[in-house]
Amino acid sequence: MASDAPASATAEFRRYWPLVLASMAGNSLTALPFYTMGLFVEPVEAEFGWSRGFVTAGLTVYAFIGVTLAGPMGYLIGRVGPRRVGLPGTFFFCAALALLATVTGSKFNWLLMWGIVALTAVTVKPTVWTTAIVSRFEHGRGIALALSLCGAGLSTMAGPILINHMIEAYGWRAAYVGVGAIWLAVCIPLIYFFFYGAQDRRRGQPPADIEARGAGEGTNGDLPLGAMLRSRAFLKIGLTSFLLVVTTMGITVHLVPMFSASGLERARAAEIAGLMGAAAFLGRMATGSLFDRLSPTLVGTVICLLPATAFGLLLMFDGSIPFALVIAIIIGLCSGAEMEMAAYLSSRFLGRASFSTLFGVIVGLVTLGAGLGPTLTGMIYDGTGSYRIALLIALPLALISAALTLSLGKPPASRR
């Protein structure tokens, strides 16, 4: 790294803690569409008479647009810096969420509105916020990524309770406006004053130098971008991330309806689902510390085994509150660590020279999985009247993701 770079994790945090705070605020945006959809499913279904599979199809539109633009957006971030993408993107994304309140009874209109949300969402994906973190942190990268990505956990924790209250008090349309307004008011000041990656401080450099130097100085041993895209490590990390998210998000979005169908009151089910945010926070903090100290491959394998455990417990769920709490906590721990795992493994196995582009593609796969999972789960429910088959499919897929992670082995010495 550069000669003036901090020499320890403590020194890095003393110098760049405002960046971590701003990145945390930015990452809180990324979780909103997925972790709040479960609360909107039933009221939207009741008003328009749509199936749950169609209601959650908005996330599929969101996902396909996200995966299509993820790579180009990652390249753009590497060229112009994350600040120039994330700052305006935050405003437009929050405005797009508020626009969902204008949805009519037209199915085309519903999907169109979600298309607008998706187009703005590519500017606030984790690629934006993690690129800045990776460019600044070396010794404490794991815990810095964990803190940054905890923003999504905060949304998961506060979102369900806050939104359920707004829906019950003012209706689901007002709730969408409230979500956009609240997150805009919180995020814009932090991002405006504190969000600067290494790339953003080198605006006078030729564009070609920003990706190579701004995203990762001293990355000797990194392969060219094309070779990295074809590497086994990239393919394994990408497939693992997709499988992990398509299963966890498919179940998470439908967790409140699952609990409600088993006899829990909707308000109590929403409160329990809100605990996933607290668990996600703990999961990120724990895995961030472990990634900096232990084998990243082993840590990642354990993360992949968590949802498999939760899915097995859901198959035996008896409707009791203690049982629901355990399930929500386990899913939360995984959801708190899955994106951090993808970011950390990418930075260690793929290097930093083209991190924003490579991780952008992986984020696209994550977005695709997050969009497909809820829709497919909803379709299975619509066709069978039960979530059991969805769980029976999700469990082995989670085990496959664990096996793929374990097969990565040790990171190349030049990128550890």
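How many salt bridges does the structure hold? The structure holds three salt bridges. A salt bridge here is a side-chain nitrogen of Lys or Arg within 4 Å of a carboxyl oxygen of Asp or Glu.

This is a predicted model: local features need pLDDT of at least 70, side-chain atom pairs count only at pLDDT 80 or more, and totals for chains, interfaces and linings use all residues. Residues are numbered from 1 along each chain as its sequence is written, and side-chain values use heavy atoms, with hydrogens and water left out.

| Salt bridge | N to O distance |
|---|---|
| Arginine 52 – glutamate 42 | 3.7 Å |
| Arginine 52 – glutamate 45 | 3.3 Å |
| Arginine 173 – glutamate 47 | 2.9 Å |

Arginine 173 lies in helix H9 and glutamate 47 in helix H2, so this pair ties together parts 126 residues apart in sequence. Helices are DSSP runs (H or I, at least four residues), numbered from the N terminus. Shared partners join Glu42, Glu45 and Arg52 into one network.

Burial is set by relative accessible area: buried is under 20%, exposed over 50%, partly exposed in between (1.4 Å probe, protein chains only). Arginine 52 is buried at 11%. Glutamate 42 is partly exposed at 23%, as is glutamate 45 at 24%. Arginine 173 is partly exposed at 27%, and glutamate 47 at 41%.

Helix H9 covers residues 172–194. Its 23 residues should span 33 Å at 1.5 Å a residue, and its end C-alpha atoms are 33 Å apart, which agrees. The expected span is 1.5 Å times one less than the number of residues. A kink of about 30° lies at cysteine 187, shortly before proline 189. The bend is the angle between axes fitted to the seven residues ending there and the seven starting there. Buried residues in H9 include Trp172, Trp183 and Cys187.

Conventions: Helix = DSSP H or I, 4+ residues; strand = E, 2+ residues; numbered from the N terminus.
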